[in-house]
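The sequence and the structure are shown below.

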Amino acid sequence: MQEAQQHIDPKAEAILEAAFGQFAAYGFRRTSMEDIAKAAGMSRPALYLHFAGKEAILRALVGLYYARLGNAVEVALAGAGAPEEVLERAFACHAAAIPDAVLRAAHGEELLDRTAALCGDIFVEGEGRLAALYADWLSREANAGQLRLEAPPREVAGTMLAAAKGTKVAPYDAYPARLRLLARLLGRGLRA
């Protein structure tokens, strides 16, 4: 499944938003399907018509996260500008895609841990798409003489993404600023 082409019906999206709010507020383990159904304004049996359980909802949330993030990064990388400007726009998408509710919520860490345990395949696919988007941009810019690459584009892209993930540490309110700084450093270092 190509996530860039993933479409979600409005009811399912409303369910996912309600579930996310419940997971962030009460944790994955303590949130029940009944809690999600109430937050979404529907009955529990109606909720089960859309999702088989909490795990399916969490997997859909992660898939939606990567679809939205990939689309936003693709648009950011298509714009013109110096390498650091383009990377700053693209990295801003990463900061915007992680809701404060996850990073600052009392149950945010539990939610991230549970997500990692249940959604490894979705992470691999989503991160692969992001790496491909950055690698394509690096290739285009290097071929146009705008960038100087010290390694193959895919390797550089993977290193950039790993560095960006490394900036996601407490205090979380500094995460966007760390990404901006990283974008400037990387962009200036890649200039031809």
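## Thr-167 and the helices around it

In this predicted model, Thr-167 touches Tyr-175, Arg-178, Leu-179 and Leu-182, leaving aside residues up to four places away in sequence. Thr-167 lies in the loop between α9 (153-166) and α10 (175-190). Its relative accessibility is 10%, and because buried means under 20%, Thr-167 counts as buried.

On the α9 side, the contact is made by Val-156, Met-160, Ala-163 and Ala-164, and on the α10 side by Tyr-175, Leu-179, Leu-182, Leu-186 and Leu-190. By class, the residues of this contact comprise nine nonpolar, no polar and no charged. Tyr-175, Leu-179 and Leu-182 of α10, which take part in the contact with α9, are also among the residues touched by Thr-167.

## His-94

Helix α5 (residues 83-97) contains His-94. With a relative accessibility of 8%, His-94 counts as buried. Its side chain makes a polar contact with the side chain of Tyr-134, at 2.9 Å. Leaving aside residues up to four places away in sequence, His-94 touches Leu-69, Val-73, Leu-130, Tyr-134, Leu-161, Tyr-175 and Leu-179. Of these, Tyr-175 and Leu-179 belong to the α10 side of the contact with α9.

## Helices α4 and α8

Helix α4 (residues 54-78) packs with helix α8 (residues 120-143) at an angle of about 5°, and their axes are 9 Å apart. The two helices are therefore roughly parallel to each other. From α4, the residues that meet α8 include Arg-59, Tyr-66, Leu-69, Val-73, Glu-74 and Leu-77. Those of α8 include Asp-121, Phe-123, Glu-127, Leu-130, Tyr-134, Trp-137 and Arg-140. Twelve nonpolar, four polar and six charged residues make up the contact. Leu-69 and Val-73 of α4, together with Leu-130 and Tyr-134 of α8, take part in this contact and are also touched by His-94.

| Helix pair | Angle between axes | Axis separation |
|---|---|---|
| α4 and α8 | about 5° | 9 Å |

Terms used
Residues numbered from 1 in each chain as written. Predicted model: local features only at pLDDT ≥ 70, side-chain atom pairs only at ≥ 80, totals over all residues. Heavy atoms only, no water. Helix = DSSP H or I, 4+ residues; strand = E, 2+ residues; numbered from the N terminus. Buried < 20%, exposed > 50% of the residue type's maximum accessible area, 1.4 Å probe, protein only. Contact = heavy atoms within 4.5 Å. Nonpolar A, V, L, I, M, F, W, Y, C, P; charged D, E, K, R; others polar. Polar contact = N/O pair within 3.5 Å; in protein donor to acceptor, adjacent residues only side chain to side chain. Axes fitted to C-alpha atoms, helices over the stretch in contact; angles between N-to-C directions. Parallel < 35°, antiparallel > 145°, perpendicular 65-115°, else oblique.
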